[in-house]
Amino acid sequence: MKLSAFRIRNFRSMVDSKVNYLSNDNITALIGQNESGKTTILEALHSFSNGTISEDMLRSDSAFPVISCYFEFNETYLKDYLDLDKIPLGLKRKLQKKKGIWLERSWKNLTNTIFRCSDNELVEFYKGLNESDQTRIETIHKYIQQINEETNELRAEIQIIERDKIDLLKETDDLTKRLNKAKRILDKAKKPDQIKLYQHEHEALYKTYTQKKIDLDEILKIFNDKQEKLEAYGEKDPLAVRLLKIKRIYNKEQESFDKCNEELQYFEGLFNKTSNSKELELLENNILHLKSEQGKLERIFREVSSELDFIERVAEKVLAEKNTRVAESEVKIELSKQREIYTLEQIGDELSTHLPVFEFFEDFASLLPNRIDLSDLFDENTFIEGYKAVNNFLAISGLSSSFFKQENDRILKQRIENLNGEITIDFHEFWSQKISAQNKIHLNFELEHYDNSIPEKSGNPYLEFWIKDNYERLYPKQRSRGVRWFLSFYLELKATAMSKQKKVLLIDEPGLSLHAKAQQDVLKVFENLKNDLQIIYCTHSPQLIDMEKMYRVLAVQRKEGKGMNSQSVILDSKSLKSANSETMMPLFSVFSGHIVKEKKLIKDRNLIVDDISTFYYLSAFSKLIGKNEEIYFIPSNGVNGITVMTNLFTGWKTDFSVLLPGNVQGQKVFEELKNSIFIHSKDHIDNKLILMEEENIVDLFSKLDFKKHILNKRIGIPETNSEYIEINNLSGIYLASQFATMVDNGEIQKSHFDEQTTNAITNLLSKIENSVSFKNFEEQLN
């Protein structure tokens, strides 16, 4: 799998980098000013790979990072990495021919990270499933809540009716007894007046009893109705009670878990800001306790979550009139099958085993030592000085530590001697530096044994390393910082490329201690190994940028703002016209150096111009107008660099003319040249020095043509063309190169310009032609 693009959010100065694509040929250069955010990109990619962040990587708003990477599958498909039986049915067909995928790492806190598939197609599909599940769960809870409220209301009413029923039963029982007693008294009465009295009392009691009996029957009827309604809910009633109880526990455990995470984040933040040793010890103990507590709470929360999910599924079936026991059995089967279906996190985990390793190249973390004991190699003592560099050295040699276990010293030494020559030849392919005209360095290692000067190691074998030339043999530590860095760099990259594991190598400012030529050697190493590993590096050096491969460049710069509010933005090679001049500085140097390097020194018809932008415009103008005889435009590194160029051409006895912009700087240099290089020749001043009327060559364009052919947009421009470029912090060099490319491709022709632009260009080219063609009488005789 190959890293093809990335997106970084909430990481240091990067709020949202948007999607940025890496060079397809495995070499990507990040350019920009100091503090622009170049190293931030490397660190973010490294954090994506290893899953670790620190407090100082967070932004001031404390939002946690989200880092996404897009990986392409080389000659394979997504289906080749995943078990399709674990893919949801509706997604299988879509994934059959998928050639790449987005993966994302995010953080809940400094220690809790989530790695998942974030590919839009898959996310949307799972989102649809989740939304459907969420709607289903909300519906279940709605009905369960309704059932619980209704059954609770019924139980409350039944309880009240039960009390009324008991009271009425007691009253009717009491009335029954009184009626019986009144009936006995009435039966015993003999006298008419007594009979009449007792009969009246009996009738009154009977009337009361009859009414109470009616009331009791009504109560019993209501009671039975309520009881029947409650019983009609059947298993839904206890299930509702059970679900809501688990939901309350779930909410409580979630609150405890979230609170623990917040406390852990707080103490981790304090730990990163504290330097006092006692406070650090106390904080470390708190953090260890909280991490332990976090683990326990997370396990409990997961268990409760699973229990809630189970009972919700059961409730859905019981609401559909299924028996609880049957519903539970069906849900267990469903969950068993569902566990076999990938989640987005599981897809991420599956693919993570196939990803390249993102590795930071640490400049001096593993320099080649002067010597290393073989016992340390055999014991894999990784903490010993130079262990990694020695292993890289041996890997390139095609050796392992076991090679040195054979007993025949003669065979060992012969093999080592042969290898020394092979390694040196390979190293010379990349290291072009010479100590003198013919003297290049050689790499050597030897198998030696300790003598009696170190009694405890006497007779023990060790490897000794040398970097020698024709004059002297020195230990690695005795060589220059630049040689040591390049050797470490060469060993690391070469060994990495030879390993079977795919890697993305992240390099911050390679070759800072190297001469310009040696920096070109670094680029040579990149080119040689690009088929075996991906390289992403930051640089300010023009030597580490290939002008012919500008598609490799990503420019990083800050938006306007203060402190952490000043966000980093990334511009690809097609958007460099938006880059400011400081960001583009390495490219300016590359362009100028490349042109001077490629042009042959011509005896005449040379025109020195102020910068690369003027070079591009004049080259394009000449092609548009169709001049017969070529003029050689030589760009300087700015207006103030023209004086140096004129001195060089004078020293070379080469004819030249000079074109200066009409701005303040141009006028100043014009006066300087009049009073220095051309002080003795008025003819040369009049004919070889051209001071433009316009402040900048881009001002030759009419407003209409400037907007149409340079900016490619319709806007109002009250200022001059050059002022507009400066005010809006646009890259003049990019606009010029874009214009020249369109002219080369035939997309812009002379007929496309209005009369004002055409006349201005024609007049300037006429002046230039007259200037480069001018020869005074002495020159004509020669």
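Helices α15 (residues 612-625) and α22 (residues 755-773) cross at roughly 100 degrees, and their axes come within 11 Å. The two helices are therefore roughly perpendicular to each other, a label for angles of 65 to 115 degrees. Axes are lines fitted to C-alpha atoms over the stretch in contact, with angles from 0 to 180 degrees between N-to-C directions. Helices are DSSP runs (H or I, at least four residues) numbered from the N terminus.

This is a predicted model, in which local features need pLDDT of at least 70 and side-chain atom pairs count only at pLDDT 80 or more. Residues are numbered from 1 along each chain, and side-chain values use heavy atoms, without hydrogens and water.

The contact (heavy atoms within 4.5 Å) involves these residues:

| α15 | Leu618, Phe621, Ser622, Ile625 |
| α22 | Ile761, Thr762, Leu764, Leu765, Ile768 |

Rings of Phe, Tyr and Trp (its six-membered ring) pair if their centres lie within 6.5 Å, and planes over 60 degrees apart count as edge-to-face. Phe739 lies in helix α21 (residues 732-744), so the pair ties together parts that are 118 residues apart in sequence. Both Phe621 and Phe739 are buried, meaning under 20% relative accessible area (1.4 Å probe, protein chains only). Tyr617, Phe621, Phe701, Phe739 and Phe753 form one aromatic cluster.

The whole structure has 0 disulfides, a disulfide being a pair of cysteine sulfur atoms within 2.5 Å.

How values were computed:
Parallel < 35°, antiparallel > 145°, perpendicular 65-115°, else oblique. Buried < 20%, exposed > 50% of the residue type's maximum accessible area, 1.4 Å probe, protein only. Phe/Tyr/Trp six-rings, centres within 6.5 Å; stacked < 30°, edge-to-face > 60°.
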